[in-house]
Amino acid sequence: MKTMKGRKSEKQFTRLLAFLLAYLFLTPFIPQNSWTTVIVQIWLSVTLLFAASVAQNKKKHRTLIVVLVLVAVCLHWLGIYEVLPFSGEGALFLFVVFYALLIHAFGKRLIRARHVTGEVIMVALCIYLVIGLLWGAGYALMDALSGGTAFGGTLLENVQTSKLHLYNYFSMVTLTTLGYGDITPQIPEAASLCQMEAIIGQFFTAVLVAWLVGMYGKPMGRQQPEQE
């Protein structure tokens with residue numbers, strides 16, 4: 001029964017990884033008009049709700065995360081159509097909180113895992129993408145609160161897509177320390193966030209992912225001392 005439960009969980013995280021990758025890679029190619037914008041936002045809403053559903057095993061905790069993401073999604077939709085003032089900023093703030101809770105919940109799964117299995121690998125990959133989404137929402141929030149002065153660059157001069165997509169892109173570029181230079185921080189606070197994300201990205205890639213892959217299929221416990 002545990003094996004079946006583990007396979008089910010692995011499939012859930014594999015689907016979540018597919019949802020996250022599709023959102024990040026495909027939505028920027030969709031033209032921004034009235035009906036395609038609705039499709040993109042529905043896609044984002046479904047992805048967030050699915051992530052909330054697999055975040056916690058305990059029903060109480062899962063309900064809390066689902067309620068949080070529902071409020072965030074509602075504010076996000078209100079912000080798109082400018083129904084309420086500051087609803088967009090409120091949604092971005094709740095996105096940041098939600099992504100942080102996801103990272104915490106997924107991280108607990110890694111810590112409690114007794115073996116490094118396919119599920120654990122999928123969880124680690126999801127954490128990596130969620131880190132990028134967290135900082136992307138944070139950059140978008142800082143941009144909104146600063147009146148568009150926190151960041152600059154050629155990519156922000158003629159924006160033809162959602163700014164959140166652009167900041168998700170910038171976040172992933174910063175997380176991998178690639179740095180094209182088409183978006184750059186313009187204030188010290190923004191530069192500090194970028195610096196923090198770059199450090200976390202290097203730490204995650206070099207240490208955690210390498211360790212998980214190297215220990216794939218082996219028990220996650222203390223190694224026995226070698227006999228002389």
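What percentage of the 228 residues of the protein count as buried? In the predicted model described here, 41% of the residues count as buried, where buried stands for under 20% relative accessible area, exposed for over 50%, and partly exposed for values in between, with a 1.4 Å probe and protein chains only. Residues are numbered from 1 along each chain as its sequence is written. Because the model is predicted, local features need pLDDT of at least 70 and side-chain atom pairs count only at pLDDT 80 or more, while totals for chains, interfaces and linings use all residues, and side-chain values use heavy atoms, with hydrogens and water left out.

The secondary structure comprises seven helices and two strands, helices being DSSP runs of H or I with at least four residues and strands DSSP runs of E with at least two, both numbered from the N terminus. Read from the N terminus on, these elements follow the order α-α-α-α-α-β-α-β-α. The protein exposes about 13,200 Å², of which carbon and sulfur atoms supply 65%; accessible areas come from the Shrake-Rupley method with a 1.4 Å probe, and for residues only the protein chains shown count as cover. When contacts (heavy atoms within 4.5 Å) between residues at least 6 apart in sequence are considered, 73% of them join residues at least 24 apart.

S9 lies in helix α1, which spans residues 2–26, and is counted as buried because its relative accessibility is 9%. The C-alpha atoms of S9 and G118 are 9.9 Å apart in space, although 109 residues separate the two in sequence. With neighbours within four places in sequence left aside, S9 is in contact with R109 and E119.

Helix α4 holds F106, which counts as buried because its relative accessibility is 0%. Apart from residues up to four places away in sequence, F106 touches F13, L16, A51, V54, A55, V123, C126, I127 and V130. Between the C-alpha atoms of F106 and A124, which are 18 residues apart along the chain, the separation is 7.8 Å. V96 is also placed in helix α4, but V96 counts as partly exposed because its relative accessibility is 22%. V96 and V130 are 34 residues apart in sequence, and their C-alpha atoms lie 9.9 Å apart. The residues that V96 touches, not counting those up to four places away in sequence, are L134, A137 and G138.

The second largest pocket contains about 590 Å³ of space. On a 1 Å grid over the protein atoms alone, a pocket is an open set of points where a 1.4 Å probe fits, with protein on both sides within 12 Å along at least five of seven lines, and lining residues have an atom within 4 Å of a point. Grid points are joined across faces, edges and corners, and the volume is the space filled by probe spheres set on the points. Of the 24 residues lining this second largest pocket, H76, G79, I80, G88 and S162 are the closest to its centre. At least two lining residues are supplied by each of α2 (34–55), α3 (59–80), α4 (87–112), α5 (118–145) and α6 (163–175), and the largest share, four residues, comes from α4. By class, the lining has 10 nonpolar, 10 polar and four charged residues; Ala, Val, Leu, Ile, Met, Phe, Trp, Tyr, Cys and Pro count as nonpolar, Asp, Glu, Lys and Arg as charged, and the others, Gly among them, as polar.

Helix α6 has 13 residues and reaches 18 Å from its first C-alpha to its last, close to the 18 Å expected at 1.5 Å a residue, the expected span being 1.5 Å times one less than the number of residues. Helix α6 is mostly covered, with 11 of its 13 residues buried, including H165, Y167, N168 and F170.

Most residues other than glycine have a negative phi. Just after α6, however, T177 takes a positive phi of about 55°. T177 is placed in the loop between α6 and β2 (184–185), and counts as partly exposed because its relative accessibility is 42%. F86, likewise not a glycine, has a positive phi of about 65°. The loop between α3 and α4 is the place of F86, which counts as exposed because its relative accessibility is 66%.
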